[in-house]
Amino acid sequence: MSQTMETESTRIAPQEPLRKIVLVCYVLYAASLFVGVTGIVAIVVNYLKRTEAEGTWLESHFTWQIKTFWYSLLIGVVAFITFFFLIGWFVAIAGFVWFIYRIVKGFLAFNEGKPVA
């Protein structure tokens, strides 16, 4: 019986540091709306820790955060380029809303202990 509990606890325990990292990255991405450099810190952490999460429900959160960063950057570049044609404002606002949606959806799934789809 104790061997079953040890096996179960060893499977769960290594995920706790990764849970904290995922949470910190969500906070850093949210903070990047005000202080842009925090998003860069978060993406570096995502790439450094993603392999440790392979095969766990947390892996989807690392992938979600990475995609959110790169697509947001792409949307930002498109908004900047099209800003001179006035459509950039719409692209920027849509990108801003999309970024917030991704952070909130990911955090809510994380908070429930579920992978993000």
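These legends walk through several close-up views of a predicted model.

Because the model is predicted, local features need pLDDT of at least 70 and side-chain atom pairs count only at pLDDT 80 or more, while totals for chains, interfaces and linings use all residues. Residues are numbered from 1 along each chain as its sequence is written, and side-chain values use heavy atoms, with hydrogens and water left out.

**View 1. The overall fold is built from five helices and zero strands.**
Going along the sequence, the pattern reads α-α-α-α-α. Helices (H or I, at least four residues) and strands (E, at least two) are DSSP runs, numbered from the N terminus. Of the 117 residues in the protein, 31% are buried; buried means under 20% relative accessible area, exposed over 50%, and partly exposed in between (1.4 Å probe, protein chains only). Among contacts with a separation of 6 or more, 63% link residues 24 or more positions apart. Contact here means heavy atoms within 4.5 Å.

**View 2. Helix 2 packs on helix 3 at about 155°.**
The two axes are 8 Å apart. Axes are lines fitted to C-alpha atoms, for helices over the stretch in contact, and angles run from 0 to 180 degrees between N-to-C directions. Helix 2 and helix 3 are therefore roughly antiparallel; angles under 35 degrees count as roughly parallel, over 145 as roughly antiparallel, 65 to 115 as roughly perpendicular and the rest as oblique. Helix 2 goes past helix 3 in a left-handed crossing, meaning that the near helix is turned anticlockwise from the far one by less than a right angle (clockwise would be right-handed). On the helix 2 side, look for Leu18, Ile21, Cys25, Leu28, Tyr29 and Ala31. Helix 3 answers with Thr38, Gly39, Val41, Ala42, Ile43, Val45, Asn46 and Lys49. Sorted by class, this contact has 10 nonpolar, three polar and one charged residues. Ala, Val, Leu, Ile, Met, Phe, Trp, Tyr, Cys and Pro count as nonpolar, Asp, Glu, Lys and Arg as charged, and the others, Gly among them, as polar.

**View 3. Helix 2 also packs against helix 5, at an angle of about 160°.**
Here the axes are 10 Å apart, and the pair is therefore roughly antiparallel. The crossing of helix 2 past helix 5 is left-handed. Arg19, Val22, Leu23, Tyr26, Tyr29 and Ala30 of helix 2 meet Phe99, Ile103, Gly106, Phe107 and Phe110 of helix 5. That makes nine nonpolar, one polar and one charged residues in this contact.

**View 4. Helix 3 (residues 37–49) and helix 4 (residues 59–82) cross at roughly 140°.**
Their axes come within 10 Å, and the two helices are therefore oblique to each other. Helix 3 passes helix 4 in a left-handed crossing. Gly39, Ile40, Ile43, Asn46, Tyr47 and Lys49 of helix 3 touch Phe62, Gln65, Ile66, Phe69 and Trp70 of helix 4. The contact holds seven nonpolar, three polar and one charged residues.

**View 5. Gln65 is a buried residue, at 1% relative accessibility.**
Gln65 sits in helix 4. Setting aside neighbours within four places in sequence, Gln65 is in contact with Val22, Cys25, Tyr26, Tyr29 and Asn46.

**View 6. The largest nonpolar core has 21 residues.**
A nonpolar core is a set of buried Ala, Val, Leu, Ile, Met, Phe, Trp, Tyr and Cys residues joined through side-chain atoms within 4.5 Å. Leu18, Val22, Tyr26, Tyr29, Leu58, Phe62 and Phe110 have the most contacts inside this core. Helix 2 (15–31), helix 3, helix 4 and helix 5 (88–111) each give two or more residues to the core. Helix 2 supplies the largest share, seven residues. Zooming in on Leu18, and skipping neighbours within four places in sequence, the contacts are Lys49, Glu52, Ala53, Leu58 and Phe62.

**View 7. Leu86 has a positive phi of about 70° although it is not a glycine.**
Most residues other than glycine have a negative phi. Leu86 is in the loop between helix 4 and helix 5 and counts as exposed, at 59% relative accessibility.

**View 8. Gly88, in helix 5, is buried at 2% relative accessibility.**
Not counting residues up to four places away in sequence, Gly88 touches Ala79, Thr82 and Phe83. Gly88 and Val77 are 11 residues apart in sequence, with their C-alpha atoms 9.5 Å apart.
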